[in-house]
Amino acid sequence: MADVSLSFSGQRFVPLPCGAVFWPVQSLLLVADLHLEKGSHFARRGWLLPPHDSLETLERVAAAVQRTGATRVAALGDSFHDESGAGRLLPAALDLLRTMLARVDWLWVTGNHDGDSGARLGGRAVAEAEIGGLALRHEAWAPSPTPEISGHYHPKVVLPLRTGRRVSRRCLALTERRMVLPAYGAYAGGLSVDDPALHAALGARPDAVVGLAGGLIRLTAREREQAR
């Protein structure tokens with residue numbers, strides 16, 4: 001793979017176009033907010049959605065593992081849309097997940113939606129972890145003295161195109177000491193990287209980083225203001 005990387009807390013990371021982030025020195029693939037079985041969750045409430053979101057999401061995770069050669073995966077919370085989601089996986093999605101759980105060291109960081117439900121299928125569940133001097137947790141904690149990587153907020157950014165149009169893309173929200181991953185789930189929504197709630201959680205206005213096949217787009221808060 002062509003490694004287009006960024007530096008965070010003295011470490012090199014590779015943001016992938018799919019929304020995952022690879023940490024080469026740890027052979028660790030980071031994903032957040034898979035929200036598996038969100039489709040079936042809403043279907044039980046009468047909102048009929050195609051039931052293939054979990055398989056699509058897991059296929060993208062599997063492709064990212066293969067592309068990077070990662071031997072470890074950390075899923076940073078809300079991996080399932082609710083605590084019973086693991087029991088609703090269709091056979092193809094369940095088989096794929098179990099295959100990955102058997103091949104890589106899988107860490108489930110618990111979120112506000114899923115609890116420790118993922119670990120019932122394999123891997124380990126933790127409220128948070130520290131790897132290589134960085135904290136891995138579901139939700140950013142501004143007072144944390146330790147640099148951290150998290151999810152929860154589903155950051156997205158509006159990008160101006162040369163044609164004059166604008167498009168919304170999932171992005172990393174990045175400050176000097178905090179990195180928030182975009183939501184990985186097929187049906188996951190998003191929160192503007194310029195939302196005050198995200199600024200408060202990070203303790204600063206973040207850069208927006210979008211991983212592309214040929215490089216990175218990185219926009220500071222000032223650059224985003226000027227592009228409006």
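Predicted model: local features only at pLDDT ≥ 70, side-chain atom pairs only at ≥ 80, totals over all residues.
Visitor: What is the volume of the largest pocket?

Guide: The largest pocket has a volume of about 220 Å³. Its lining consists of 18 residues, and those closest to the centre are L16, P17, C18, G19 and R170.

Visitor: How do the lining residues divide into nonpolar, polar and charged?

Guide: There are 13 nonpolar residues in the lining of the largest pocket, along with two polar and three charged.

Visitor: And which element gives the largest share of that lining?

Guide: That is β16, with four residues. Both β16, residues 207-212, and β12, residues 166-170, supply at least two residues each.

Visitor: Let's stay with β16. How many of its residues are buried?

Guide: Five of the six residues in β16 are buried, so the strand is mostly covered.

Visitor: Which strands are joined to β16 by bridges?

Guide: One of them is β13, residues 172-174, which is joined to β16 by three bridges. Another is β17, residues 215-219, with five bridges to β16. The pairing with β13 is antiparallel, and the pairing with β17 is antiparallel too.

Visitor: Which residue stands opposite D207?

Guide: D207 in β16 has L174 opposite. On the β17 side, V209 has R218 as its bridge partner.

Visitor: New topic. How many aromatic pairs are there?

Guide: The count comes to four. One of them is F13 with W23, a tilted pair with 4.9 Å from centre to centre and 40° between the planes.

Visitor: Why does that pair tie together separate parts?

Guide: F13 is in strand β2, residues 11-15, and W23 is in strand β3, residues 21-23, so the pair links parts that are 10 residues apart in sequence.

Visitor: Are F13 and W23 buried or exposed?

Guide: Both F13 and W23 are buried. They also belong to an aromatic cluster, which F8 forms together with F13 and W23.

Visitor: What about F80 and W108, why is that pair tilted?

Guide: A pair counts as stacked when the planes are under 30 degrees apart and as edge-to-face when they are over 60, with the rest tilted. The planes of F80 and W108 are at 35°, so the pair is tilted, and the ring centres are 6.0 Å apart.

Visitor: Where do those two lie?

Guide: F80 is in the loop between β5 and α3, and W108 is in strand β6, residues 105-109. The pair therefore ties together parts that are 28 residues apart in sequence. F80 is buried, and W108 is buried as well.

Visitor: Which residue lies over the face of Y184?

Guide: R60 does, at 4.4 Å from the ring centre.

Visitor: Last topic, R165. Is it buried or exposed?

Guide: R165 has a relative accessible area of 55%, and the cut-off for exposed is over 50%, so R165 is exposed. It lies in the loop between β11 and β12.

Visitor: How far apart are R165 and V14?

Guide: They are 151 residues apart in sequence and 28 Å apart in space, C-alpha to C-alpha.

Visitor: And A92, where is its place?

Guide: A92 is in helix α3, residues 91-103. Its relative accessible area is 45%, so A92 is partly exposed. From A92 to A74 there are 18 residues in sequence and 22 Å in space, C-alpha to C-alpha.

Terms used:
Residues numbered from 1 in each chain as written. Heavy atoms only, no water. 1 Å grid on protein atoms, 1.4 Å probe; cavity = no way out; pocket = protein on both sides within 12 Å on 5 of 7 lines; lining within 4 Å. Points joined across faces, edges and corners; volume = space filled by probe spheres on them. Nonpolar A, V, L, I, M, F, W, Y, C, P; charged D, E, K, R; others polar. Buried < 20%, exposed > 50% of the residue type's maximum accessible area, 1.4 Å probe, protein only. Pairing = 2+ DSSP bridges. Phe/Tyr/Trp six-rings, centres within 6.5 Å; stacked < 30°, edge-to-face > 60°. Lys NZ or Arg CZ within 6 Å of the ring centre and 35° of its normal.
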